Amino acid sequence: MHGEQALEALWQADDRSPLGRFDPASIESLPAVAQRWLRRVIEPGTPLYRAIRLRMHGEIELSGWHAFEAEQVIRWGRGLIWQAKVAFGPLSLLSIEGHDSVIDGVGEMQWKLLGLIPVMVGRGPDIDRSAAARLELESVLLPTLLLDDDVHWAAGDDEHHARLHMRLPGRDPAQDSELSLRFDAEGRLRECSCLRWGNPEGGEHRLIPFGGTWADERQVQGCTIATHMAAGWFFGTDRYAAEGEFFRAQIDDITLR
């Protein structure tokens, strides 16, 4: 299935169970930092949405920074697809088009020059594991997902820090990532990070600090969602700014279901 078709299929998927609605009393057992954030970003009575669809633009580092436009779907219990077109070449006259995805635990990268000539294809256990961590990290975009029974919150090192662990379908429990979330004094999410399986320097895959910053917000269908993100490898170390950051995006449109 082509990336566009797979993205639409993921968005249209329906588990046929009714959506509940957010009751602030239902989170009283969570750590105080989680309660503050969730009550801030989910209005009482909001449906517990399971999917988010985003349109975005930004720049990605591929031997230099290049502009992109993309569409993404994240669906709880299934996975994510990021379908993009990256401007490339002299005067940005060329483009690389394709997708990164993880569906039911199976990851894939597939990119083509001008949508025709394969330039990057990735599959296999290492891609599965790395893509699953991306799904975990980006699921925090939709706060209603973090009320699921398969998401477990824990207090962090201080009143502005929380940790969470989520169980994903098709994911080996021994490979699950613990996410670290940091909030500002007003309760806005500012950082999200984990140890992610990858090999940004080439060679063998290994666990490497990965994460990003979140800024700006928009209220959509009862949820307050961050609309600017930057991310990369070696997050939280001196190497992040120098060589790790490779992704910056501004979210232009958001739909929940």
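What volume does the largest pocket have? In this predicted model, the largest pocket has a volume of about 1200 Å³. Its lining is made up of 43 residues, and Asp100, Met109, Arg196, Trp233 and Phe246 are the ones that lie nearest its centre. Helix H3 (residues 125-138) supplies the largest share of this lining, with six residues. By class, 25 of the lining residues of the largest pocket are nonpolar, nine are polar and nine are charged.

The second largest pocket has a volume of about 470 Å³. It is lined by 22 residues, with Glu4, Gln83, Ala84, Glu97 and Gly98 nearest its centre. Two or more lining residues are given to the second largest pocket by each of helix H1 (3-12), strand S2 (65-75), strand S3 (79-88), strand S4 (94-103) and strand S5 (106-113). The lining of the second largest pocket divides into seven nonpolar, nine polar and six charged residues.

The overall fold was examined next. The secondary structure of the protein consists of four helices and 13 strands. The C-alpha trace spans about 55 × 45 × 35 Å along its principal axes. Of its 257 residues, 48% count as buried. Among contacts with a separation of 6 or more, 49% are accounted for by residues 24 or more positions apart.

Two cavities of 30 Å³ or more were counted. The largest cavity has a volume of about 120 Å³. It is lined by 15 residues, of which Trp37, Leu189, Thr224, Ile225 and Ala226 are the closest to its centre. Helix H2 (32-41), strand S10 (189-198), strand S11 (206-220) and strand S12 (223-233) each contribute at least two residues to the lining of the largest cavity, and S11 gives the most, with four residues. The lining of the largest cavity comprises ten nonpolar, one polar and four charged residues.

Helix H2, one of the elements lining the largest cavity, contains the buried residues Val33, Ala34, Gln35, Trp37, Leu38 and Val41. Trp37 therefore belongs both to the buried residues of H2, being under 20% in relative accessible area, and to the residues closest to the centre of the largest cavity. The cover over the buried residues of H2 includes strand S7 (151-155), strand S8 (161-166), strand S9 (178-183), S10 and S12. Of these elements, S10 and S12 are among those that supply at least two residues each to the lining of the largest cavity.

Trp214 is placed in strand S11, the element that gives the most to the lining of the largest cavity. With a relative accessible area of 7%, Trp214 is buried. Apart from neighbours within four places in sequence, Trp214 is in contact with Leu137, Val140, Leu141, Leu189, Arg190, Glu191, Cys192, Ala226, His228 and Met229. Two of these partners, Leu189 and Ala226, are also among the residues closest to the centre of the largest cavity. Trp214 and His228 are separated by 14 residues in sequence and lie 5.7 Å apart in space, C-alpha to C-alpha.

Arg53 lies in S1, which covers residues 51-61. Arg53 counts as buried because its relative accessibility is 14%, below the cut-off of 20%. The side chain of Arg53 makes a polar contact with the side chain of Glu8 at 2.9 Å. When neighbours within four places in sequence are left aside, the contacts of Arg53 are with Leu7, Glu8, Trp11, Glu71, Gln72, Val73, Asp253, Ile254 and Thr255.

Gly58 is likewise found in S1. With a relative accessibility of 18%, Gly58 counts as buried. Beyond neighbours within four places in sequence, Gly58 is in contact with His66, Ala67, Phe68, Arg248 and Ala249. Gly58 and Arg248 are 190 residues apart in sequence, yet the distance between them in space is 5.5 Å, C-alpha to C-alpha.

How values were computed:
Residues are numbered from 1 along each chain as its sequence is written. This is a predicted model: local features need pLDDT of at least 70, side-chain atom pairs count only at pLDDT 80 or more; totals for chains, interfaces and linings use all residues. Side-chain values use heavy atoms; hydrogens and water are left out. On a 1 Å grid over the protein atoms alone, a cavity is a set of points where a 1.4 Å probe fits but cannot get out, and a pocket is an open set with protein on both sides within 12 Å along at least five of seven lines; lining residues have an atom within 4 Å of a point. Grid points are joined across faces, edges and corners, and a volume is the space filled by probe spheres set on the points. Ala, Val, Leu, Ile, Met, Phe, Trp, Tyr, Cys and Pro count as nonpolar, Asp, Glu, Lys and Arg as charged, and the others, Gly among them, as polar. Buried means under 20% relative accessible area, exposed over 50%, partly exposed in between (1.4 Å probe, protein chains only). A polar contact is a pair of N or O atoms within 3.5 Å; within protein, one must be able to donate a hydrogen and the other to accept it, and residues adjacent in sequence count only if both atoms are side-chain atoms. Contact means heavy atoms within 4.5 Å.
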